[in-house]
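User: Please walk me through this model. I want to know what lies behind each label.

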Amino acid sequence: MTIFPEMFDAFAGHGIMRRAVESGKIRLEPVNIRDFAEGRHRVTDDRPYGGGSGMVMKPEPLAAAIETAKTELPEAPVVLLTPQGRRFDQDTARQYAACKEMIFICGRYEGLDERICEGYVDDEISIGDYVLTGGELPAMVVMDAVIRHIPGVLGAADAAECDSFSAGRLEHAHYTRPGVFEQKQVPGVLLSGNHRAIEDWRRESALLRTILRRPDLLEQTGLTEPEKKIVQKWCRRLETLAWD
Ligand code: 4FV
């Protein structure tokens with residue numbers, strides 16, 4: 001639900017999203033809220049009761065648009081993209097991927113009349129603590145993250161499962177050809193063909209990046225036994241450095 005449906009053309013027309021649409025794995029149908037607005041000017045916004053700056057999205061066009069969509073998609077959760085929502089993350093992306101159908105409401109102006117949020121919205125989602133000019137980009141962010149968990153959308157079956165955050169870890173460093181770039185070598189173990197050693201290196205790379213950049217993620221999950229060994233190794237190294 002948006003007053004700018006054409007914004008989704010480019011989104012649905014490229015890359016993995018385009019392939020998912022063309023393969024019929026997903027169907028994306030932008031609905032123009034203005035098509036449900038009354039009067040010659042089909043207004044979808046009005047001045048806020050109580051005064052103040054900005055405009056508010058009118059309830060009637062939104063209610064009509066949502067009711068019409070729900071007749072076609074009765075099971076679809078109605079999700080409003082708003083800074084007042086709960087923070088979007090990989091877990092929510094995985095949960096949404098289990099839904100057969102979803103309805104996203106993209107706000108504009110100062111937001112929606114609260115009676116729509118109370119009467120028609122099942123879930124309020126925020127993509128971050130900042131204010132955008134519209135909910136269209138947040139809706140695309142959510143859709144993009146969700147479709148990656150739909151079987152068959154990504155090339156390799158398990159690609160989404162070994163994502164960042166899937167195990168509550170940042171992803172390990174990635175390298176590709178050439179082996180030497182600007183005098184920087186690709187780590188030798190990655191050229192070794194020794195899959196066990198490569199897996200160990202990637203686990204250490206992911207863990208160290210998570211410790212250094214997002215230690216908060218570790219509080220949520222704690223360390224696995226192999227990770228504890230890695231941390232103990234680094235503690236010994238650091239102690240040696242510290243006491244030498
Ligand atoms: C937003 C966010 C967001 C607020 C007013 C649209 C804008 C305008 N949505 N996460 N951050 N929305 O800033 O989801 O109506």
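Analyst: Start with two helices. Helix α7 (residues 195-213) and helix α9 (residues 225-243) pack with their axes 10 Å apart, at an angle of about 70 degrees. The model is predicted: local features need pLDDT of at least 70, side-chain atom pairs need 80 or more, and totals for chains, interfaces and linings use all residues. Residues are numbered from 1 along each chain as its sequence is written, and side-chain values use heavy atoms, without hydrogens or water.

User: Why are α7 and α9 called roughly perpendicular?

Analyst: Look at the angle of about 70 degrees. The label covers 65 to 115 degrees (under 35 is roughly parallel, over 145 roughly antiparallel, the rest oblique). Therefore α7 and α9 count as roughly perpendicular. Axes are lines fitted to C-alpha atoms, for helices over the stretch in contact, and angles run from 0 to 180 degrees between N-to-C directions. Helices are DSSP runs of H or I with at least four residues, strands are E runs of at least two, and both are numbered from the N terminus.

User: Is the crossing of α7 and α9 left-handed or right-handed?

Analyst: The crossing of α7 and α9 is right-handed. That word applies if the near helix is turned clockwise from the far one by less than a right angle; anticlockwise gives left-handed.

User: Which residues make the contact of α7 and α9?

Analyst: On α7 they are Arg203, Glu204, Leu207, Leu208 and Ile211. On α9 they are Pro226, Glu227, Ile230, Val231, Lys233 and Trp234. Contact means heavy atoms within 4.5 Å. By class, the α7 and α9 contact has seven nonpolar, no polar and four charged residues. Nonpolar means Ala, Val, Leu, Ile, Met, Phe, Trp, Tyr, Cys or Pro; charged means Asp, Glu, Lys or Arg; the others, Gly among them, are polar.

User: What makes strand β3 and strand β4 a pair?

Analyst: Count the bridges. Strands pair if DSSP finds at least two bridges between them. Strand β3 (residues 78-87) and strand β4 (residues 103-106) have four, in the parallel sense, so they meet that definition. From β3 the chain passes through helix α4 (residues 90-97) to β4, in a right-handed β-α-β crossover. Right-handed here means a clockwise path from the first strand over the helix to the second, with the strands pointing away from the viewer.

User: How many bridges join β3 to β5?

Analyst: Five bridges join β3 to strand β5 (residues 123-126), and the two run parallel. Arg87 stands opposite Ser126 in β5, and Arg86 stands opposite Ile125.

User: Why are β4 and β5 at the edges?

Analyst: The open sheet has three strands in the order β4-β3-β5, paired in parallel. β4 and β5 each have a single partner strand, so one side of each has no neighbour in the sheet. The twist averages 55 degrees from one strand to the next. Helix α6 (residues 136-147) packs on the sheet and touches β3, β4 and β5; its direction makes about 150 degrees with that of β4.

User: How do you know how α4 lies against α6?

Analyst: Their axes are 8 Å apart, at about 70 degrees. That makes α4 roughly perpendicular to α6. Ala93, Tyr96 and Ala97 in α4 meet Val142, Ala145 and Val146 in α6. The classes are six nonpolar, no polar and no charged.

User: What about α2 and α6?

Analyst: α2 and α6 also pack at about 70 degrees, with axes 10 Å apart. That makes α2 roughly perpendicular to α6. Their crossing is left-handed. Ile16, Met17 and Ala20 of α2 contact Met143, Asp144 and Ile147 of α6. Five of these residues are nonpolar, none is polar and one is charged.

User: Which residues does the cis peptide bond join?

Analyst: A cis peptide bond joins Arg177 and Pro178, with omega about 5 degrees. Pro178 lies in the loop between α6 and β6 (180-181).
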